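Please go through the briefing below with the sequence and the model open beside it. The points are grouped by topic.

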Amino acid sequence: MSYQKPKGTNDLLPGTSEKWQFVEETARLIFRDYQYEEIRTPIFEHYEVISRSVGDTTDIVSKEMYDFYDKGDRHVTLRPEGTAPIVRSFVENKLFGPEFSKPYKTYYMGPMFRYERPQAGRLRQFHQIGAEAFGSENPAVDVESMAMALDFFKQLGIQQIKLVINSLGDKETRAAYRQALIDYLEPRSADLSEDSKRRLHENPLRVLDSKDKKDKAIVAEAPSILEYLSESSKEHFETVKTMLTELNIPFEIDSNMVRGLDYYTNTIFEIMSEAPGMGAQSTICAGGRYDGLVEELGGPATPGFGFALGIERVLITMEAEQVVVPVINEIDAYVVGIGEQTNIETLKLVQAIRNFGFSADRDFMDRKAKAQFKTAAKSNAKLALTLGETELAEGVVNVKSMASRNEKAFPLSDIYERFDEVYDEMMTVMFEDK
Ligand code: ATP
Ligand code: MG
């Protein structure tokens with residue numbers, strides 16, 4: 001009997017997990033610079049939290065949810081995205097209160113779940129890093145968020161990307177545009193996919209997001225939402241464009257771009273990789289403004305802006321751009337214990353070295369001295385401590401600097417009482433000799 005991981009999931013093994021850590025640590029550093037703090041929400045939520053915010057007619061809610069009834073007959077779902085849970089938490093914990101900073105800036109990272117057809121860059125359990133800013137309508141928040149996402153990609157060494165923006169306007173805009181879109185699509189509905197036919201009246205904007213080839217061709221000629229922007233939405237969008245230009249951030253406008261989630265208002269954006277071989281899954285980051293969402297989930301009217309990026313797709317992009325991830329592979333000391341008699345003393349030495357705040361390792365497989373030295377070299381040990389049965393009897397240990405090849409015997413008590421000095425001495429000798 002042998003088991004396999006569920007379809008659309010991955011095991012992250014050493015060799016890959018270092019890359020994930022690099023991406024996650026870079027996000028933490030950059031986001032902290034922009035004064036974002038982390039919130040961790042549960043992996044599952046009440047179904048309603050997601051269906052109300054993401055929208056019942058979206059693919060995410062109608063097709064892709066990992067939802068189920070728990071033993072208490074509660075309808076719950078694995079989270080398919082991060083914004084709805086964060087908004088739920090923002091409202092539940094009253095983070096809009098006067099004691100909290102405004103805008104309230106928070107980020108998250110972790111697994112998300114969508115029942116999709118797995119392919120490169122499209123998984124059933126995937127991972128997102130996201131950031132949200134609550135409480136300001138200022139277009140500078142939109143632009144700062146996009147700049148932060150771009151900053152993050154730059155830090156990672158990703159260069160071949162483009163920023164694409166659009167505006168979905170406000171309620172007024174959407175009402176006007178909805179009618180225009182229906183008027184355009186209705187006479188062409190016979191050629192639309194079944195999904196789009198249904199959505200034409202339920203939620204015509206969704207048709208713009210269809211991945212169906214024929215739908216895409218029809219949609220390409222559809223009226224532009226930008227022609228229907230209300231005065232205030234137009235002003236917001238114009239300011240966003242001006243601000244991006246002021247920051248020398250290049251961008252494109254795609255008036256047909258909508259997002260797979262219903263909660264967006266005004267500015268939306270995507271960051272796409274232009275590296276060769278990215279295929280259909282080239283959007284690595286997406287987000288926008290969601291001024292009605294906090295209210296929708298029972299909080300006070302609070303504007304918001306946020307984005308999410310897919311870690312798997314970021315890593316594919318890094319690979320496509322041949323970004324080299326720095327990996328630290330070194331250890332301060334490796335204790336070579338020779339002979340069964342030294343087992344206990346070796347154990348104690350390694351722990352003592354670690355207690356001084358150094359990194360250390362040893363052999364556990366009864367390997368010969370030569371093989372142990374090979375391991376020490378492979379793990380880039382700075383010092384190798386050798387303890388044979390003779391040394392043990394004499395109460396000494398041989399310390400060797402791997403770089404300078406200098407060796408010196410120390411009493412065991414020196415390791416236990418002043419390993420930091422032993423370390424400095426052996427490492428300094430190395431430089432004096434050179
Ligand atoms: P797509 O159009 O590719 O399905 P989406 O619009 O559903 O993406 P969002 O919900 O906006 O994506 O999620 C933001 C980001 O999360 C995407 O740009 C992508 O990088 C990543 N992402 C979304 N779904 C998946 C998935 N199933 N597997 C891997 N990454 C994903
Ligand atoms: Mg999707």
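Arg-259 sits in the loop that runs between β8 (252-253) and β9 (265-273), where strands are DSSP runs of E with at least two residues, numbered from the N terminus. Arg-259 is buried at a relative accessible area of 14%, buried meaning under 20% with a 1.4 Å probe and protein chains only. This is a predicted model, in which local features need pLDDT of at least 70 and side-chain atom pairs count only at pLDDT 80 or more, while totals for chains, interfaces and linings use all residues. Residues are numbered from 1 along each chain as its sequence is written, ligands are numbered from 1 in the order in which they are written, and side-chain values use heavy atoms, without hydrogens and water.

**Shell around ligand 1**

**Polar contacts (N or O pairs within 3.5 Å)**
- A polar backbone atom of Leu-123 lies 2.9 Å from a nitrogen atom of ligand 1.
- Oxygen atoms of ligand 1 are involved both with Lys-211, whose polar side-chain atom is 3.0 Å away, and with Arg-313, through a side-chain N or O atom at 3.1 Å.

**Record**

Note on methods
A polar contact is a pair of N or O atoms within 3.5 Å; within protein, one must be able to donate a hydrogen and the other to accept it, and residues adjacent in sequence count only if both atoms are side-chain atoms. Helices (H or I, at least four residues) and strands (E, at least two) are DSSP runs, numbered from the N terminus. Buried means under 20% relative accessible area, exposed over 50%, partly exposed in between (1.4 Å probe, protein chains only).
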